[in-house]
Amino acid sequence: MHKIIIDGENLTIEDVVKVARYGYRVEIAEEAKRKVKSAREVVDRFVNEGKVVYGITTGFGKFSDVVISKEEAKKLQRNLIVSHACGVGEELPQEVVRAIMLLRANALSKGYSGVRLETLETLVEMLNKGVHPVIYEKGSLGASGDLAPLSHMVLVMIGEGEAYYNGERLSGKEALKRAGIKEIELVEKEGLALINGTQVMTAVGTLALYDAVMLSKAADIVASLTVEALRGITDAYYYKVHNVRPQVGQQKCAQNLNRILEGSKLTTKQGELRVQDAYTLRCIPQVHGASKDAIEYVKRVVEIEINSATDNPLIFSDENRVISGGNFHGQPMALAMDFLGIAVSELANISERRIERLVNYQLNDLPAFLTKKGGLNSGFMIAQYTAASLVSENKVLAHPASVDSIPSSANQEDHVSMGTIAARKARSIIYNAMRVLGIEYLSACQAIDLRGMKGLAKATLAGYELLRQHIPTLDEDRIMYKDINRATALLEELVIKVEEKIGELM
């Protein structure tokens, strides 16, 4: 059985995907267990000594000045969870829920949160046995962490709320019972430690980032097919052009294009058919490359965040000290997720304009809307409409969430990040962008067929053949949404097939 060992320090983006999407098991490292126990000893000592410490012997937020007796501490933690479970909207997908559970467990494994080891082990056991809490996507401000959605996760741990188990939606209590997991009773600090963190925005963001990396590569491949379909000029991708403006992503994209198009008989040289191409072909490295740079920045932020302690207060057992800080504030992720959404939105924007160049007979030497019998057939006319609709929607979604803030908790929490909204928006933008690229993939291959499908480069031929294995040439009008969905589903395999031919893309 495939497994991932968590210690709060070494989790990778690929590990998150393996657990979230492919069901890898999770184990807690022995050293992490020692750290968890050590931090818990500090909490127990402070409770026994009657010290006033935020979140341990006090209320929360604006109630931080209310001291809670030892006798009421357990009720305080339970009240925290049930009162904070205020999520609304659609349910988060199972893969996101699994990523949330993994990231929260990994953060607790760092040993700065003060939970009991058995509490952490319960969360991991739920993940491994497939007890997936029902978590609603809306309700987080992205500061004080993702309080509302994470509370829905913890509800199940205490035998409340709802969860899916073996495909059935059950009460939390029943789901735990069927899985053979004992529900827990929260003790001092544990409720707060479980919900005070950025794991929802980071879970959504990590999976979105992984898809964006794939999408960036797919965009280079699909654009290369369009370059061939439109007899594009490859001089614009010559390495010296990009060395004199050494933006890293731009250079990577130009290298990708040159490798993908190597050996093509369909591309042209400067002056053969025309002096220069329109920007959507000529400036692919500059546009795609800028998005690659943005994605790389987001990757660095996410890699840090998935291995961070983001709750409050933090327990430093080596100093026997508890400190209230602000690591729960999602601003780093909020900015990164807004940037990711903008970057991917631009990949879709330029893709849609390439689709227009493929279907518009006034801009090329191909049949109008890529159909031989125009008038009787509409061809790709409305497929372009769909792409235009999606990129227009993305322009609305790309408005940054992080520029907003609204005071909460009677102005105690007077600046918030909206990071979870930013992450969800980025995810929606990626969904739309993938379908725009799917439409370009279909359109480019259709145009290549109309040219006689001769002279493709080795890499683009692999991409063309992959599509044609699943979707035939459009000779007469047919139901197009099925083709769009199939082409979109092939994008990840497209990247794999091309990389098998020419090596890993950047």
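Residues are numbered from 1 along each chain as its sequence is written, and side-chain values use heavy atoms, with hydrogens and water left out. As the model is predicted, local features need pLDDT of at least 70 and side-chain atom pairs count only at pLDDT 80 or more, while totals for chains, interfaces and linings use all residues.

Start with the inside. A nonpolar core here is a set of buried Ala, Val, Leu, Ile, Met, Phe, Trp, Tyr and Cys residues joined through side-chain atoms within 4.5 Å; buried means under 20% relative accessible area, exposed over 50%, and partly exposed in between, with a 1.4 Å probe and protein chains only. The largest such core has 144 residues, and those with the most contacts inside it are I6, I100, V131, L340, Y441 and L491. Its largest share, 18 residues, comes from α9; helices are DSSP runs of H or I with at least four residues, strands are runs of E with at least two, and both are numbered from the N terminus. Another core, of 9 residues, lies apart from it, with A39, F46, I56 and V322 among its members.

Now for some local detail. Counting a contact as heavy atoms within 4.5 Å, and leaving aside neighbours within four places in sequence, I6 touches residues including L11, V26, I28, L102 and V124. Helix α1 (residues 13-22) has I13, D15, V16, V17, V19 and A20 as its buried residues, and these pack against β1, β2, α4, α5, α9 and α13. After α1 comes G23, with a positive phi near 70°. Over in helix α16 (residues 419-450) sits A422, which counts as buried because its relative accessibility is 1%. Beyond its neighbours within four places in sequence, A422 is in contact with A334, M337, D338 and A401.

There is also an open sheet of 3 strands, in the order β4-β6-β7 with antiparallel pairing; strands pair if DSSP finds at least two bridges between them. β4 (132-133) and β7 (168-171) are the edge strands. β4 pairs with β6 (residues 162-165) over 2 bridges, and H132 stands opposite Y164.

Last come the rings. Rings of Phe, Tyr and Trp (its six-membered ring) pair if their centres lie within 6.5 Å, with planes under 30 degrees apart stacked, over 60 edge-to-face and the rest tilted. The whole structure holds 3 aromatic pairs. One of them, Y297 and F339, is tilted, at 5.9 Å centre to centre and 55° between the planes. Y297 lies in α13 and F339 in α14 (residues 331-359), so the pair ties together parts 42 residues apart in sequence.
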